[in-house]
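Visitor: I have not looked at this structure before. Please show it to me, and then I will ask a few things.

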Amino acid sequence: LATLKGKISALMKEQVALKNDLLKNHGDTKIQDVTVEMAINGARSMKTMVTDTSDLHEVNGISYRGMSLYEVNKKLPKAPGGSCALPEAAFWLLLTGEVPTDLETRAFTDELHRRSSVPANVMATLKSVPIETHPMTQLSMCMLALQKDSKFSAAYDAGMKKSEYWEYALEDALDLVAKIPVVAAAIYRRTFKDGPGPAYDTTMDWAANYANMLGVNDGEEFKEVTRLYLMLHADHEGGNVSAHTSHLVGSALSDPYYAWAAGLCGLAGPLHGLANQECLGWLLQVQKDLKGQTPTKELLTQYAEDTLAAGKVIPGFGHAVLRNTDPRYILEREFALKHCQNDPLFQLVDACYQAIPELLGKKGKVKNPFPNVDAHSGQLMHFYNLKEENYYTVVFAVSRAIGVMAQTVWARAIGLPIERPKSVPLDTLKKLATK
Ligand code: AMX
């Protein structure tokens, strides 16, 4: 922990100096024009936030501290014998800006193990929730139940100094990331299985342990695909719904548990994290409708035409920012080609990849006809026996906790203030636009 704090503290000095310089010497400099369209259409592409952990490029996809996901997957420490980067190593990278050594990663995994025990009140809260409750609702409620032990809130009440905010935010961030797989696995087991699964195992890395606790597959490949998935989904800039929600809530100095509980409610939306669940549902429906026919480009083109004609979107394709195939999709595809290319569902995913971008491209309306990560993730989970698509957004949430927590620590570290954009009535917008 001391090494981690030392690294954050050193980078913090540079970043705070940079922030102060920007405010002092360039505070009035114009970087973009705000148009009526931006004001109405969800502030899309308006540069109004600061997030240092990751940056989304419309063609190259997300980078973690300037490293593309391909580089991250190559350069970050792996599990013994594994080829996918460890997500906790990505957490370290996002927090410190540095690739951790194997030794640092192992120590960090142990740090998370030490923080992983979930208080009884949280499990009692979970027990009181009807099992038909959506797993994302259960997860968000559990994050709020954990809030009782927030070190940030306790320190705030005790009068901590502003300069200490980040340290207590870090404490909560590490606790939350350590505990969320335990809570998420408990949600899975109570909702979809008869009872508790395999116990927490401190000999495993963070992702392998989560995969193991789900109790659906004890093979090494499932652990490896879970590492890949949790690394790939860890962060996606600050403007997406769940990160932005968490940032906004955190900007009121609500502690990291409040922030992530709120963020999760956004992640649960069908245009954001829930797309993951909808994609697999759509793929399984296509598979059923094809009645055993081999999925070909022609068949899929026709099927997608019918989906569009029925006024529906094609899940897993398009993106608010990306204008290329999502690198996360490519990395999952590479994994699938290596480990499960004969899976009938992979062959369907592959046929979609051949057919749908061309079709959506021809229609002209969709700004990005290419697949996003959700078009693939479900197939991988399904293949390794995690079949309940209602649960998929929870896996996403376990992963994204990493990025959002890193962002939360940094928002406090560089002293970002309460967020308060200006809204205007449509009439005022009309006056502003025509004056
Ligand atoms: N199928 C059919 N139509 C689509 C489409 C798709 N996959 N993607 C976009 N369109 C349509 C839009 O609905 C919109 O139509 P409208 O003008 O009649 O309202 C038009 O194309 C232009 O939209 P856009 O600017 O290209 O996309 P957007 O930024 O408004 O929305 C997104 C982005 C992701 C919501 C949209 O592409 C979509 O609904 N995709 C399917 C759902 C999905 O895969 N979501 C996952 C997103 C990734 C994530 O956050 N996990």
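Visitor: Which percentage of the contacts in the chain with a separation of 6 or more comes from residues 24 or more positions apart?

Guide: This is a predicted model. Contacts in the chain are counted here at a separation of 6 or more, and the share from residues 24 or more positions apart is 75%.

Visitor: How many helices and strands are there in the chain, and what is its radius of gyration?

Guide: The chain has 20 helices and 3 strands. For 435 residues the globule rule gives 22 Å, and the chain comes close to that, so it is as compact as a globular protein of that length. Its radius of gyration is 22 Å.

Visitor: What percentage of the residues of the chain count as buried?

Guide: A residue is buried if 20 or more other C-beta atoms lie within 10 Å of its own. Among the 435 residues of the chain, the share that counts as buried is 47%.

Visitor: Which residue in the turn between E2 and E3 has a positive phi?

Guide: Strand E2 (residues 61–64) pairs with strand E1 (residues 54–57) in the antiparallel sense, and 2 bridges join E2 to strand E3 (residues 67–68), also antiparallel. E2 and E3 form a hairpin with 2 residues between them. The residue in that turn with a positive phi, about 50°, is Arg65.

Visitor: Which residues come nearest to the ligand?

Guide: The shell around the ligand divides into 9 nonpolar, 7 polar and 3 charged residues. Of the 19 residues there, those that come nearest are Ala275, Val313, Gly318, Ala320 and Lys367.

How values were computed: Residues numbered from 1 in each chain as written. Predicted model: local features only at pLDDT ≥ 70, side-chain atom pairs only at ≥ 80, totals over all residues. Near = placed C-beta within 6 Å. Nonpolar A, V, L, I, M, F, W, Y, C, P; charged D, E, K, R; others polar. Helix = DSSP H or I, 4+ residues; strand = E, 2+ residues; numbered from the N terminus. Rg over C-alpha atoms; globule rule 2.2 N^0.38 Å. Buried ≥ 20, exposed ≤ 12 C-beta atoms within 10 Å, placed from the backbone. Contact = placed C-beta atoms within 7 Å. Pairing = 2+ DSSP bridges.
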